[in-house]
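Please read them alongside the coordinates.

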Amino acid sequence: MLRDITIGQYYQTESPVHRLDPRVKIGGTLLYIISLFLFSGFAGYIAAAVFLAVVIRLSHVPFRFMVKGMKAILFLLLITVGFNLFLTPGTELISFWKLSITREGAEMAVTMAVRLTLLIIGSSVMTLTTTPNNLTDGMEKMMKPLRIFHVPAHEVAMIMSIALRFIPILLEETDKIMKAQLARGADFDSGNLLQRARSMVPILVPLFISAFRRANDLAMAMEARCYRGGEGRTKMKPLIYQRRDRIGYLCILGYLVIGVTLSRIW
């Protein structure tokens, strides 16, 4: 299960999506997520799915590698679908015991399932096709106007970049700890929910100790290199928009226009 989490991982390959400016991918991902909540009909979701399929095809990242990340949120997805399916009032379709399924609940459950699936896979495209360094530079550039409100853009971007970079490391560390505990006779699958939660304590304690140790090593390394934030820093590879980036913005704008039009018509 831990190996199925793809958030924060980077898939190394050559593709038009990989070569795009990180600001285009960050802005496009935000607009794509917003569009999923703006569409009011299934025609809009079909447009979102087609657009995402084209982007995945252009990224040269295997689709099964992206779908693998859905296993980590399958439980959350089932809970969301269940709440919408049984707790939404409306025209009753099926009733058993004290639960009833309504037509509005079924429509809402399907809508939320499709929306969450597209949201997770769409967000994975950005992290799989963008290195942590490029993500940091892109977020810092996009948050630069917020400096007038005294928002430390460089520090916020650095924190988010470090968090994304540490996700695969912590997952690998968790996998090693679980294997070590299983070799010592630990059992994580038997018992009720409370017993399973208690069995996770031998994993969480060394994991937190390892995370704090890594954070301390990283802080000492940054201090040894005289890191003092973003003031006066220069870029070895400054971000410059090129022709392909403008085409990317036009494609995103075209998708929004088509998606909103289809959701309003049908």
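1. Leu119 lies in helix 5; helices (H or I, at least four residues) and strands (E, at least two) are DSSP runs numbered from the N terminus. Leu119 is buried, at 17% relative accessible area. The classes are buried under 20%, exposed over 50% and partly exposed in between, with a 1.4 Å probe and protein chains only. Beyond its neighbours within four places in sequence, Leu119 is in contact with Ile33, Leu36 and Phe37, contact being heavy atoms within 4.5 Å. Leu36 and Leu119 are 83 residues apart in sequence, but their C-alpha atoms are 7.6 Å apart.

2. On the basis of the values: this is a predicted model, in which local features need pLDDT of at least 70 and side-chain atom pairs count only at pLDDT 80 or more, while totals for chains, interfaces and linings use all residues. Residues are numbered from 1 along each chain as its sequence is written, and side-chain values use heavy atoms, with hydrogens and water left out.

3. Helix 4 (residues 74–87) has 14 residues and reaches 20 Å from first to last C-alpha, close to the expected 20 Å, which is 1.5 Å times one less than the number of residues. Which of its residues are buried? Leu77, Thr80, Asn84 and Leu85 are. They fall on the same side of helix 4 because they cover an arc of only 125° around the axis, taken from the directions from the helix axis to the C-beta atoms. Strand 2 (99–102) and helix 5 (103–128) are among what covers them. Phe75, Leu78, Phe83 and Leu87, on the other side of helix 4, are exposed.

4. Five salt bridges are counted, each a side-chain nitrogen of Lys or Arg within 4 Å of a carboxyl oxygen of Asp or Glu. One of them joins Arg23 and Asp21 at 3.0 Å, N to O, and both residues are buried.

5. Another salt bridge pairs Arg214 with Glu173, with 3.3 Å between the closest N and O atoms. This pair links distant parts of the chain, with Arg214 in helix 9 (residues 201–224) and Glu173 in helix 7 (residues 153–183), 41 residues apart. Arg214 is partly exposed at 31% relative accessible area, whereas Glu173 is buried at 18%.

6. Asp175 and Lys179 also form a salt bridge, at 3.4 Å between the closest N and O atoms. The two are separated by about one helical turn, because they are four residues apart in helix 7. Asp175 is buried, at 19% relative accessible area; Lys179 is partly exposed, at 47%.
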